[in-house]
Amino acid sequence: MLLVFAHRGEAQLFFENHKLKEHPAFSKLYYNSEFHLLLCGEGKENSLLNTTRAIAILNNKINLVINYGIAGALEPTVPLNKIITSRTIYTEKESEMKFHSFQDDKKSKYDLITTNKRILNDSNIETFKNFGHIVDREAWAIFMSSKSFKKEVKSFKLISDYTTHEKQDFCKSVQEHSIEFSNKFYEHFELNFLNKIEKENEKNLQLNLESFHVTFSQKEFIKNNYPKISENHKEFIKKYIKELIGNQDISKKAKTKNLIIAIEQKLKPLTFKLQENIDQLLNEFQNGNIKFQYDKKLEKTELKLTATIENKTNIDTLITYLEQLPFEKFQNILNGEY
Amino acid sequence: MFNKIFVEQELRNNKNVLQIISKLKKEIPVHYIEKYTDVFEKVKKPYLQKQNNLNLFLASKKGELVKEAPPAYGFSKNKHYYFFHSLNCIFECEYCYLQGYFNSPDIVYFVNYEDVGTEIKQLDKNASKESPVWFHMGEFSDSLSLSSLSNDIEYYFKLFSTLENSFLELRTKSINIKQILAQNPVNNIITSFTLGPSSLKSVEKKIPSPTLRIKAMRKLIENGFKVGLHLDPVIYHDNFEKNYFELIQELSESFELDNLKYISIGVVRFTKDSYRQLLQNYPDSVCQSHEFTTSFDGKIRYPRPIRLKILNYIKRSLVKHGAPEEIIYLCME
């Protein structure tokens, strides 16, 4: 888990309550046995650069990035001094809004805009009101960086004040209240994240495939498709794997092939059944020299024939097979008449 | 229903705009902007924000107002066109292709329907009685869901009563037929209803029940209006045969199915973008299936044998309940 703050003041309580060490590879990054903490600095550039650098260093050690920070409200409907989540995170690009947005908490009522400069100097305040409810300086960039590393990312914003053109003492006010803000962030963190161990793919059972010979693409297939099947079917697959492991009569390669067929069967029972019907239909008319192929996606109503002819008998067999081939039955299956 | 209303500056005093605003709640804030594209789709606004953060844009459609439809569109082999009366829909259907189509779920309502009428008149002139043209209202929005706010239905009824070579299809999932009932029936306007069984209620949010839609269909038929039916998209689910059979039975008990101008049947299908959106927005939806495959036109569908079995079953059930075979067509197959 990586926590990202713009300023040290906001993270004060985290430093006080935990012995955080400076990371040897990056002086803005701190860590202990439970989490990592980054002080990314203010603004989009700083947060994009420093979050990216921190994730690049930590990469496999973290799955979740959490941004805590102060935000201003554009509308009086947003509650002050409360930590809120954002529904969507937008940003601006030069003089207009940037198209690319990020979804954060679908249940939230508030949309956040990460602005290019401090809002009190910003003439775009009226435009921002068309798109969002709160403004900050970092969240969009932290999301951009985290998402590009395919990390889960969340943002929690403490609303310090309502943003108006007249407001001139924002920074001073944030500095004065930093202990109070930091306390709220720490309470939130303690309640929601601390002591919760990150579990990678905890929903997915780790399959024991040591007794199998698995190629890269087969591994990808199992990794992508096993989690999609229902819990009951997962139980079936687990039992089936045990059976396969105990079976000394088939090779490791064949075990993998059977396992993949079993997963496909559970994933696409209708398609699998139809393929089985077609295979049964064609099997009688195939041998070592004659082979029929059909579109496994079941979209095309055609059969492809491969035949090896070495003698007159081969020709006679081929003619017999073709004469007897139940092509109409094959077409009926493809046309939904089965 | 709406959080904010955005109005194009030049339409500030437009009679249609003033009428629509007057019919909405007074507390909805109205913002005036240069053009609707200054805000609409300017940022990627997630589709599910339509549940609690939906804005209405009142705008004037510029450029091409009427577009030729792709092949295999509509009932007859005549030329088909669709036109833009609105973008996006107040309803929320899990299978809806609009979730992958626009970058915002906000509603844009075009108030310059007289300009659309001018283009329609021109195309009508180029057509003939032997080779009429079809116009479809509702390609990017429900034709009737917001019709009580505007006068466009009245306008189109008056327009089409003067056109000899054109048909208009109003396509809806609503029961908002008040505006239609206030008009004189014309033979060349068909109000078509999209229906699915009540077992799929959770998939179609905020939409009146099939029973209420069937009642609305009956009322229009009884009052001399032309009505069509779309059983599209058909979604394969537990007890699918029984559920669709009961729906067709309910239809046939409400009115003779030969009263319908046409019936279309189509099995659920997605572009890659809209399927990605479905998985993101409704990961547990019954509309998705591991059986899906990429089919002949690049769309994601059930494999051919499964969808043809579904189509054949529904077609047979319709015929069994008195629907003439010649009014049934299979959509996008």
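# Reading salt bridges, burial and a chain interface

Modeller: Let's begin inside one helix: B:Arg218 and B:Glu222 sit four residues apart in helix 5 (residues 210–222) of chain B, so about one helical turn separates them. Helices here are DSSP runs of H or I with at least four residues, strands are runs of E with at least two, and both are numbered from the N terminus. The model is predicted: local features need pLDDT of at least 70, side-chain atom pairs count only at pLDDT 80 or more, and totals for chains, interfaces and linings use all residues. Residues are numbered from 1 along each chain as its sequence is written, chains are lettered from A and ligands numbered from 1 in the order in which they are written, and side-chain values use heavy atoms, with hydrogens and water left out.

Biologist: Thanks! What do B:Arg218 and B:Glu222 form?

Modeller: They form a salt bridge, with the closest N and O atoms 3.6 Å apart. The term means a side-chain nitrogen of Lys or Arg within 4 Å of a carboxyl oxygen of Asp or Glu.

Biologist: Is B:Glu222 buried or exposed?

Modeller: Start with the scale: buried means under 20% relative accessible area, exposed means over 50%, and partly exposed is in between (1.4 Å probe, protein chains only). B:Glu222 is exposed, at 60%, and B:Arg218 is partly exposed, at 32%.

Biologist: Which residue does B:Lys315 meet in a salt bridge?

Modeller: Its partner is B:Glu325, at 3.8 Å from N to O. B:Lys315 belongs to helix 8 of chain B and B:Glu325 to the loop between helix 8 and strand 17 (328–330), so this pair ties together parts that are ten residues apart in sequence. Both ends are partly exposed: B:Lys315 has a relative accessible area of 24%, and B:Glu325 has 47%.

Biologist: How do I read an interface, and what area do chain A and chain B bury between them?

Modeller: Interface size is often given as the accessible area lost when the parts come together. Buried area is that loss (1.4 Å probe), summed over both parts. Chain A and chain B bury about 2,900 Å² between them, 49% of it on carbon and sulfur atoms. On the chain A side, A:Phe99, A:Asn130 and A:Glu299 lose the most area to chain B, together 22% of what that side buries. Counting by contact (heavy atoms within 4.5 Å), 33 residues of chain A touch 36 residues of chain B.

Biologist: How many residue pairs are in polar contact between chain A and chain B?

Modeller: The count is 20 residue pairs, both residues at pLDDT 80 or more. A polar contact is a pair of N or O atoms within 3.5 Å; within protein, one must be able to donate a hydrogen and the other to accept it, and residues adjacent in sequence count only if both atoms are side-chain atoms. There is also a salt bridge between B:Lys42 and A:Glu96, at 3.5 Å from N to O. As for the elements involved, strand 7 (88–93), strand 8 (96–97), helix 10 (269–283) and helix 12 (327–334) of chain A each supply at least two residues of the side that touches chain B. Helix 10 gives the most to that side, with four residues.

Biologist: Where does B:His80 lie, and which side chain does it make a polar contact with?

Modeller: B:His80 is in strand 5 (residues 79–83) of chain B and is buried, with a relative accessible area of 5%. The side chain of B:His80 makes its polar contact with that of B:His136, at 2.8 Å.

Methods
Buried area is the accessible area (1.4 Å probe) that two parts lose on being put together, summed over both.
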